[in-house]
Amino acid sequence: MADSPSLSRPEDRAHAREATAADGTRVALDDVAIRRALVRIAHEVVERNESIEDLYLVAIPNGGVPLARVIAAQVKEIAGVDLPVGILDTTLYRDDLAARGERPPLRKTEMPSAVDERVVVLVDDVVSTGRTIRAAMDALMDFGRPRGVQVVGLVDRGHRELPIKIDYVGKNIPTQREDRVILRGSSGDLEGELEVVVHEGASA
Amino acid sequence: MMGRDLLGIEDLERADLERILETAERMQEVGRRDVKKVPTLRGRTLVNLFFESSTRTRTSFEIAGKRLSADVVNFSPSSSSLTKAESILDTAMTLDAMDPDAVIVRHKVAGVPKRIADALAAPVINAGDGAHEHPTQALLDCFTVKQEKGRFDGLTVTIIGDITHSRVARSNLYAFSKLGAEVRLAAPPTMLPAGVEALGAKAYTSLREALEGADVVMVLRIQQERLDGCFFPSIREYASTFGIDRRKLRFAKDDAIVMHPGPVNRGVEISHDLADQRPGVILDQVRNGVAVRMAVLYLFAGRSAKREG
């Protein structure tokens with residue numbers, strides 16, 4: 001294991017271990033906690049941006065999509081502004097395609113508004129290495145020239161490999177590199193109540 | 001699971017076809033962007049190895065490759081050393097030594113892409129071989145039907161023309177059958193091979209019966225070189241009995257679509273007005289060809305997986 005446990009804060013790890021179920025998975029964020037985090041993030045987004053009308057929420061599928069919708073609804077409640085919500089698949093921009101034998105499935109991209117002169121807020125569920133955000137920024141530039149790009153990560157699990165900063169973090173969850181952290185829904189893929197679970201030591 | 005090469009629809013499962021069509025849908029969105037280019041195959045080299053000329057198919061593959069940022073090299077016999085009697089395999093292996101990430105092969109003899117695939121390290125994509133298969137044409141036809149009709153189950157697809165010599169008919173027969181549609185083949189008896197029922201199609205020598213209740217009317221190109229042959233007496237007779245015009249189209253469903261792989265012989269297999277309908281499904285087929293070939297290149301070209309066995 002190249003990664004040492006001592007890199008993460010000991011108090012977080014102790015807390016995490018307590019909640020670990022027998023099958024090696026634990027719920028890191030339940031539906032209530034996720035919604036609370038998204039409400040806070042929506043407030044922060046409104047607070048940090050002067051012209052809210054210029055914001056454009058762009059979700060990275062699949063996990064970012066339900067999150068961006070909740071944030072959009074919250075921003076409408078707080079500021080009375082209907083923000084456009086786009087979906088941007090980053091698969092064709094990944095940097096590891098050549099190394100993989102099997103091609104990953106492509107997800108839907110839907111960009112209902114132009115990105116030019118807008119401040120794009122990328123919304124992802126779990127941010128780790130930063131490579132997905134890098135790919136998303138490259139993809140975004142092919143759609144135009146945004147005035148700025150900000151990033152929402154519901155979970156920041158660390159292990160950054162690129163100089164990528166998350167502007168709005170739902171929760172920092174220290175993990176081992178080989179852990180798997182996923183956002184899932186109680187019914188169907190991302191339907192119903194959402195939760196973030198950590199599979200410890202699981203190989204993807 | 002799909003293999004390394006795309007040689008024919010016959011080798012694919014329904015799930016493979018659905019995966020390619022779904023990927024093509026995503027690629028279609030790329031084609032609608034301002035910047036119609038993604039970096040997916042950057043640094044990869046694709047070779048269009050066309051022993052039989054086909055500007056349309058070659059151009060479609062070339063645009064598809066370039067939209068994925070691949071370098072595309074066109075190699076055709078007129079501009080090659082084939083005139084120096086270099087063998088097909090020698091040519092292919094010479095190209096292979098330059099490490100392409102995929103070789104797209106068109107040849108007038110059935111089975112050549114398979115022979116080349118067996119000899120090369122690079123994956124091979126069949127762009128049409130003799131009367132055998134033309135898989136990307138069938139895929140773009142299926143894609144077009146899916147966009148028009150939204151489904152395959154319960155659809156009736158009637159393919160009309162020189163079935164015996166048509167790789168388009170053969171690939172489409174496999175593709176639409178696997179996807180759950182009913183396939184009918186209609187032709188004069190001399191152009192209808194024996195045994196198509198064994199492949200799951202219904203054969204008709206009456207156009208009217210073949211069109212009854214059809215959702216998709218697929219008209220094949222009558223090859224000029226066969227026109228003076230022994231397959232049918234005259235163009236005029238073919239046009240009057242099997243050529244598709246508005247009057248004959250009335251036998252099909254009201255919302256039936258008319259498709260043609262191009263290039264069209266107006267007034268022979270299809271009437272002028274049907275060939276030139278705007279907006280027309282026939283040009284959509286061409287448009288969809290790029291998205292489908294992007295999907296095929298994404299799924300087959302430049303993967304690191306090594307040849308099995």
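Biologist: Where in chain B is Pro263(B) found?
Modeller: This is a predicted model, in which local features need pLDDT of at least 70, side-chain atom pairs count only at pLDDT 80 or more, and totals for chains, interfaces and linings use all residues. Residues are numbered from 1 along each chain as its sequence is written, chains are lettered from A and ligands numbered from 1 in the order in which they are written, and side-chain values use heavy atoms, without hydrogens and water. Helices (H or I, at least four residues) and strands (E, at least two) are DSSP runs numbered from the N terminus. Pro263(B) is found in the loop of chain B between β9 (257-259) and α11 (272-275).

Biologist: What is omega for the peptide bond from Gly262(B) to Pro263(B)?
Modeller: Pro263(B) is in a loop. The bond that reaches Pro263(B) from Gly262(B) is cis, with omega near -10°.

Biologist: Which residue does a cis peptide bond join to Pro61(A)?
Modeller: The bond has an omega of about 0°.

Biologist: Is His159(A) buried or exposed?
Modeller: His159(A) sits in the loop between β5 (148-156) and β6 (168-172) of chain A, and has a positive phi, near 65°, without being a glycine. Buried means under 20% relative accessible area, exposed over 50%, and partly exposed in between (1.4 Å probe, protein chains only). Because its relative accessibility is 15%, His159(A) counts as buried.

Biologist: And is Asp99(B) buried or exposed?
Modeller: Asp99(B), not a glycine, also has a positive phi, about 60°, and lies in the loop between α3 (88-96) and β3 (102-107) of chain B. Its relative accessibility is 61%, so Asp99(B) counts as exposed.

Biologist: Which residues is Gly128(B) in contact with, leaving aside neighbours within four places in sequence?
Modeller: Gly128(B) is placed in strand β4 (residues 124-129) of chain B, and counts as buried because its relative accessibility is 0%. Contact means heavy atoms within 4.5 Å. With those neighbours left aside, Gly128(B) is in contact with Val105(B), Arg106(B), His107(B), Glu133(B), His134(B) and Arg167(B).

Biologist: What separates the C-alpha atoms of Gly128(B) and Ser171(B)?
Modeller: Gly128(B) belongs to β4. Along the chain, Ser171(B) is 43 residues from Gly128(B), and their C-alpha atoms are separated by 9.8 Å.

Biologist: In chain A, what share of contacts between residues at least 6 apart in sequence joins residues at least 24 apart?
Modeller: Chain A has 4 helices and 8 strands, in the order α-β-α-β-α-β-β-α-β-β-β-β from the N terminus. Of its 204 residues, 51% are buried. The share of those contacts joining residues at least 24 apart is 68%.
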